[in-house]
Structure formats: structure tokens, C-alpha cells
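Student: I have a model on my screen and a list of terms that go with it. Please take me through both, and tell me what each term rests on.

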Amino acid sequence: MPDTKHYLRDAKTGKKVQLETSEKRLTLLVKEKDPVAIKNALSKIEKMAAKASLRKISSRVYEIEYANNLSNEEINKMMLRTQKELKNVIVYNVYKAKDRYGLIYITDEIIVTFSAGTSANSIELLAKKYNLTKIEEYVDDQLICVFAQKPGNWDNPIEVANKMENEKKSCLFHSLLNL
């Protein structure tokens, strides 16, 4: 049964969108930018996931798809093994928005829309608490910041965004993509 404890906020409406995990896919985020290092990491991954197909999603995001559904235990074993053996690759679940089509592949970036009047100090403290670095900032009707996870931070960005949303009045909503 797919996991449904995670959610995103729809960037257009602000409404919660429940997420389910894919039972046969994993996202691989390659932290390296060097093409040779990426090729070496992918070669190791192909050997580790012998009964699966590997597909490029974007420049540093790949998908492992297994022929059969995996148990949560099998998924966790693969994630732990990859994190142990490949320091430059992070493994996350692939998600699907409940009752919608399409897959959601995780990156290491979190988009946060702050309530009007949120101080720079509050934003800095929030980033420090969740081990994030602010990489971009946009000002519209509200302040929108893009954060990246710091090196060595293996936390699932959706879980981090869900925790951040519970911070008292610091953030209006978070999303990782426009649904």
C-alpha cells in the first residue's frame, strides 16, 4: 500500500495535495556536477539494482524502476545501501499526487513562501534549523525563497517542507513544484 503521510502545497491554490509513494520507483539525485563522476556513480548504481531499469529525468536526477513492486523493507535496504556506498548520490522515493496523474521526482531544493513581514532573522534561523542554504529570493506580493540542502543533509525534502510548515507563522506554504 502506498505511503500517504506526505503532502505538498499547490503553488497556485495553496491547498494541500496528498502524496503517495511509488511502490516500484526510486529517485536518485546525483550531487556531483562532474560528468565523469556522474558516469561512475551511475555505473555502480546499475550493478546494485541489477533487476531494474535506470532512466535519466534531468541533468542530475535519475529514476530506478523495478519490474515488480517492492516492499518498504526492500526500498529501505536499497536506500541505505546506496547512501553507504555512494557518498555523492541521494536516494528518495518517487511520489505521485493522490488522485492525479504524473510522478514527482525529488530534488534537494525547497521553495518557501513566507508571510508578509517575516524578518530576515527568522528566515535565517529557519534555514539553520533545517540545515538549508538560501540560493534564490523573489519578492512579489510575498517573499519567496528557494533553499538547497547543505552537503551531507540526507533528509527527505518533502519531510523537511512538511516540518517547516508547522513552524509558527513563519511560512505560509511550501512546495517543491507547481502541480
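Tutor: Gladly! Contact means heavy atoms within 4.5 Å. This is a predicted model, so local features need pLDDT of at least 70 and side-chain atom pairs count only at pLDDT 80 or more, while totals for chains, interfaces and linings use all residues. Numbering starts from 1 along each chain as its sequence is written, and side-chain values use heavy atoms, with hydrogens and water left out.

Student: Which residues does N93 touch, if those up to four places away in sequence are not counted?

Tutor: By that rule N93 touches T21, L26, T27, I75, M79 and I106. N93 itself lies in strand β5.

Student: Why is N93 called buried?

Tutor: Buried means under 20% relative accessible area, exposed means over 50%, and partly exposed is in between (1.4 Å probe, protein chains only). N93 has a relative accessible area of 15%, so N93 is buried. Buried residues make up 45% of the 179 residues in the protein.

Student: And what is N131 called, buried, exposed or partly exposed?

Tutor: N131 has a relative accessible area of 31%, so the term is partly exposed. N131 is found in the loop between α3 (120-129) and β7 (132-139). Its phi is near 60°, a positive value in a residue other than glycine.

Student: Which residues of α1 are buried, and what puts them on the same side?

Tutor: The buried ones are A37, I38, A41, L42, I45 and M48. Their arc, taken from the directions from the helix axis to the C-beta atoms, is only 130°, which puts them on the same side of α1. On the other side, P35, V36, K39, E46 and K47 are exposed. The buried residues of α1 pack against β2, β3 (52-56), β4, α2 and β5.

Student: Why is M48 called buried, and what is M48 in contact with?

Tutor: M48 has a relative accessible area of 11%, so M48 is buried. Leaving aside neighbours within four places in sequence, M48 is in contact with M78, R81, T82, E85 and L86. The C-alpha atoms of M48 and R81 are separated by 8.6 Å, though they are 33 residues apart along the chain.

Student: What makes two rings an aromatic pair, and how many are there here?

Tutor: Rings of Phe, Tyr and Trp (its six-membered ring) pair if their centres lie within 6.5 Å; planes under 30 degrees apart count as stacked, over 60 as edge-to-face and the rest as tilted. The count comes to one aromatic pair. F114 and F147 are 6.3 Å centre to centre with 75° between the planes, and the pair is edge-to-face. F114 lies in strand β6 (residues 109-114) and F147 in strand β8 (residues 143-149), so the pair ties together parts that are 33 residues apart in sequence. Both F114 and F147 are buried.

Student: How do you know that K16 lies over the face of Y7?

Tutor: A charge sits over a ring if NZ of Lys or CZ of Arg is within 6 Å of the ring centre and within 35 degrees of the ring normal. K16 is at 4.3 Å from the ring centre of Y7 and lies over its face.

Terms used
Helices (H or I, at least four residues) and strands (E, at least two) are DSSP runs, numbered from the N terminus.
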